[in-house]
Each structure stands twice: as C-alpha cells, then as structure tokens.
Amino acid sequence: MTKIGLEIHCQLTKLESKLFCSCKADYRGFEPNTNICPVCMGIPGSLPLLNKSAVEKATLIAMALDCKTPNRIAFFRKNYFYPDLPKNFQITQLNAYGNTSIGWEGKISVENKEIKIRRIQLEEDPGRLIYEGATEKTKLTLVDYNRAGTPLVEIVTEPDFETPHQVREFLNILSDLLENLNVSDPGLEGAMRADANVSIEGGSKVEIKNIGSFHDLEKAVHFEITRQQSLAERKIEIIQETRHWDDGRKITVSARTKEEEAEYRYHLEADIPWVRIDDNTKNQLQLHMPESISSKKERYVSKYGITSQVADILSSDRYFSELFEKANNETNAKDIANMITTDIMGLLDTREKREISKLEGDHISDLVEYIKSNKITRASAKLALDEVIKNGKPLSQIIEDLDLGHVSDEATLSDIITEVLNEEAKAVEDAKQNPDIVNFLVGKVMQKTHGKADPELTLALLKKNLAIK
Ligand SMILES: [Zn+2]
C-alpha cells in the first residue's frame, strides 16, 4: 500500500511582528536586509522575547485541527549551519520532555477519509538565499535575512494519504481553514510550503523537499510513487533518502542518503522560559474562534435555502463569505449568494483586484433589489458592478451616471422594435411559423438598447407587432 505523509510549513502572516523580536512579520516588499535587528540576526548578547499572539494563533490552528493542546510549551534549539540561519541554530519545538509543542494528535477529514495530525509546532523561519542565474551554475549567492524569525507553524501529518489527489485536497482544505481562522494568507508567495514523504509496500521512506507549489507537490508525489513502483518491479531496492523536486525537469533527484543526515543536537532553549497556557486562555481562544467553514456552509443551506454547491463555494472563501454576510438581508439571501458566486468572484479573481475594490455589501443588496423590481436588466447590472468596484459610488448614482436604467417607455421601445422588424425581415417571416425566433428578435432589441430594454415589455410588444401569442 502507498503511504504518503506531509510536513507543512505555514507562516503566520497576519501577525504584526516576528516570533522573537519586533521586526515586521510580513517581510515582503522590503529592500533586502532592512527588516532585521540584533535578535533575528543572532548577534551574541541579544535575547529573544516570545510573541504572545503567535502562540495564540498557533494554538487556534491546533484547536481547529482537533489537536490536544499542552498546559505549557517549551522551545528547543535545533543546531545546524546554513547561510540563511544567522544564529547557527533554529528555535523550534520538540516533544522531548512530555508534550510541550503547540498541539498533537489532531485530525482532519478529506474525502471521507480521516487524516491524523501527528504534531503542530511553532518555530522561526530562516532567511532566504537568492541565486544569481541557474542554481547549478551560479557563481554568486545572495542572502536576505528579512524573513529570518518570521513565525512559522509546522504541521506534521501521519502517513495516512494513499493518493496524490488526497494530498492536494487536504492542502486545499487546510489553506481555506487557515485563511478562515485569519491567521495566515496562504496565497502570499512562500506563505505555505510543504514537504512530502512517500513509501510503497516493502520499500523505505523517501522524503521530497524543495517543492514550490501545491500543484507541483501533487506532481512530485505522483512522480515519486511511479519511480518507486518501477524500481520495485525491477527488484531494485528503494533506499531511504531525501530527494529534491527539480522544477525544470519535473522529476525528483537524490539529495542525500540517511547516513549523511544531520545530527541536530537539540537542546532546551534556555533564553525562553516555559510558557503556561492555562484553561482560561484556551477557553477564551475557543470562544473567539471564527465559525468553521462546515458550520457556515450548513447555516447558509438551512437558514437561507442556498444550494449546497453555492454554499460550498461561498463558505470556503473568507473574503466572499464576509461580503455575503455584509450584503445579506435575509429576504434576498439566495440572489445575493448567486450574484457573488457567478458575477463578483469572476470580477475580483485576484488578491490585487480585491485589495483595491470599492465594492461594499450594500451595493450588492441594492443591485439585487433593483434587478428584482425590474429597474435594471442583468446585462446592465454587470456594467454597474464593474463601475462600483472601481469607484464605490452609491448604486443609484452609478445607474444615473451611466444611464443604465430600463428603457420601459412604450413609445421609445416601439420605435426601436419597428427598426428591428424592418431590418430582420427574414426572422419576422420565420417567427410566424416558429415562435422561438421571437427570442432572437428580443436579443436584437437588447443590442440596440445596450441591454437596457425592459425584457417583458419588449417581448409583449414584439408579439403584438407580429400578431402571435
Ligand atoms: Zn528582528
């Protein structure tokens, strides 16, 4: 049987500061080596000060993943030398003296299969190495320490996955969950990374590192299963090793074997005292935990009668479910949900677009109301949405500015219809035999009015003109 386990690293991007100093947790957008201080650079004599919010946010994740949580946490030093780690050790967690990491023994359900979480720990992210040119031929490596000390949560699963597809589904669910908890923005570059370990029946465990995206992770796992199966078929031993994902060639390549694996000489970090997390703190966190995606979905279906499919899309996205909650005025909930999932999600399909969007909940509820009371057509509604997103003006004003109101004046509409009937002589003939052709003529009237003609009145007038029922 194929066994796949994951190690996911997730930055707590919603925090203000790093894990042990007051430098910015969101290091993006800084000039290299400007978001640093003696603490995150590991200058001798500097002392780390633990970020309380990081402990709370990490604990929230542990709770949301049904983990057991400790009454006190401890930190350890993991010693190794690498240029991106200025201290020569990483402050992390280890369950050496009982369970003192953020959480353990959790679970999450993926495609009706339970995936067990072995452990969750809080640690610091190292800096970043930037290679000039292709990695293997590079003559110059640059180091940027802006990321060093960023709060990182490591989530380790049991090897419970059986297929690459389950891995991908799990990561989608986990990334929605982290976003919903408001602890991380998994869409940011490098905010969520994962390593995988893969073994097939009778073979040793192989770790795959260096995978750039979730999409590649699925491919890397798939490649590794195929590689191992092909070795097994040829009776070649599968050795325990670490392999890197080669993004260019889309294959895994051997990086180091077990014998060469580093000895980290873990020991307690004496500069950070053990931290108590009492029941009161845990209760408070539980109390303020955002509603889970599944219960949100259930509420949308049972309370508002939104279809399960639409509720699923809406509830799993924090931004759009918040927009829905703001726009929602119970009577039109279903139409509002549909408008968000069919029109608005397409218009605001990137983070950048959402960040500058001026669209508010009121705009959406007003727009749905306008459509329902026949003041604006669906086609015009789309134009109005485009405009609202750009400038955020009240809907009534946008409709006036863009002249999007219905053409429901009978005389005006009759003139346009006469024009269309003159131009479409053939369709007029056909319509007398086949009443479906009338819809084609309605379409022509819509074209001439830029989608503003009142559809019911247009149809009625056309039928009257053609003397059909
Ligand atoms: Zn710092």
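This is a predicted model: local features need pLDDT of at least 70, side-chain atom pairs count only at pLDDT 80 or more; totals for chains, interfaces and linings use all residues.
Let me begin with helices α8 and α10, which are roughly perpendicular to each other, because the angle at which they pack is about 105° and angles from 65 to 115 degrees count as roughly perpendicular. Helix α8 covers residues 333–347, helix α10 covers residues 361–372, and their axes lie 10 Å apart.

Which residues of α8 meet α10? From α8 they are Asp335, Ile336, Met339, Ile340 and Ile344, and on the side of α10 they meet Ile364, Ser365, Leu367, Val368, Ile371 and Lys372.

Is serine 357 buried or exposed? Its relative accessibility is 15%, and since buried means under 20%, serine 357 counts as buried. Leaving aside residues up to four places away in sequence, serine 357 touches Tyr319, Leu348 and Ile389.

Now let us turn to the zinc ion, where four cysteines, namely Cys21, Cys23, Cys37 and Cys40, each coordinate the metal through the SG atom, at 2.3 to 2.4 Å. The angles among the four donor atoms run from 104 to 114°, and the site is tetrahedral. For comparison, the ideal angle for four tetrahedral donors is 109.5 degrees. Along the chain, the donors follow the spacing C-x1-C-x13-C-x2-C. Cysteine 23 and cysteine 37 both lie in the loop between β1, residues 3–11, and α1, residues 52–64, so this pair ties together parts that are 14 residues apart in sequence. Cysteine 23 is buried, and cysteine 37 is buried as well.

Threonine 141 is found in strand β8, residues 141–144, and it is partly exposed, with a relative accessible area of 39%. Threonine 141 and isoleucine 130 are 11 residues apart along the chain, and their C-alpha atoms are separated by 5.7 Å. Isoleucine 130 is also among the residues that threonine 141 touches, together with Leu129 and Tyr131, when residues up to four places away in sequence are not counted.

The other pair is serine 295 and glutamate 263, which are 32 residues apart in sequence and, from C-alpha to C-alpha, 45 Å apart in space. Serine 295 belongs to helix α5, residues 293–304, and with a relative accessible area of 32% it is partly exposed.

Finally, a word on the backbone, where which value does phi take in asparagine 182? It is near 60°, a positive value in a residue other than glycine. Asparagine 182 is found in the loop between α2, residues 164–180, and β10, residues 192–199, and at 27% relative accessibility it counts as partly exposed. Arginine 265 likewise has a positive phi, near 45°, and is a residue other than glycine. Arginine 265 lies in the loop between β13, residues 251–257, and β14, residues 267–268, and it is exposed, with a relative accessible area of 55%.

Technical notes
Residues are numbered from 1 along each chain as its sequence is written. Side-chain values use heavy atoms; hydrogens and water are left out. Axes are lines fitted to C-alpha atoms, for helices over the stretch in contact, and angles run from 0 to 180 degrees between N-to-C directions. Helices (H or I, at least four residues) and strands (E, at least two) are DSSP runs, numbered from the N terminus. Angles under 35 degrees count as roughly parallel, over 145 as roughly antiparallel, 65 to 115 as roughly perpendicular and the rest as oblique. Contact means heavy atoms within 4.5 Å. Donors are N, O and S atoms within 2.8 Å of the metal (3.2 Å for Na, K and Ca); water is not among the atoms, so sites may look incomplete. Four donors count as tetrahedral if all angles lie between 85 and 135 degrees; four count as square planar and six as octahedral if opposite donors are over 155 degrees apart and all others between 65 and 115; anything else is irregular. Buried means under 20% relative accessible area, exposed over 50%, partly exposed in between (1.4 Å probe, protein chains only).
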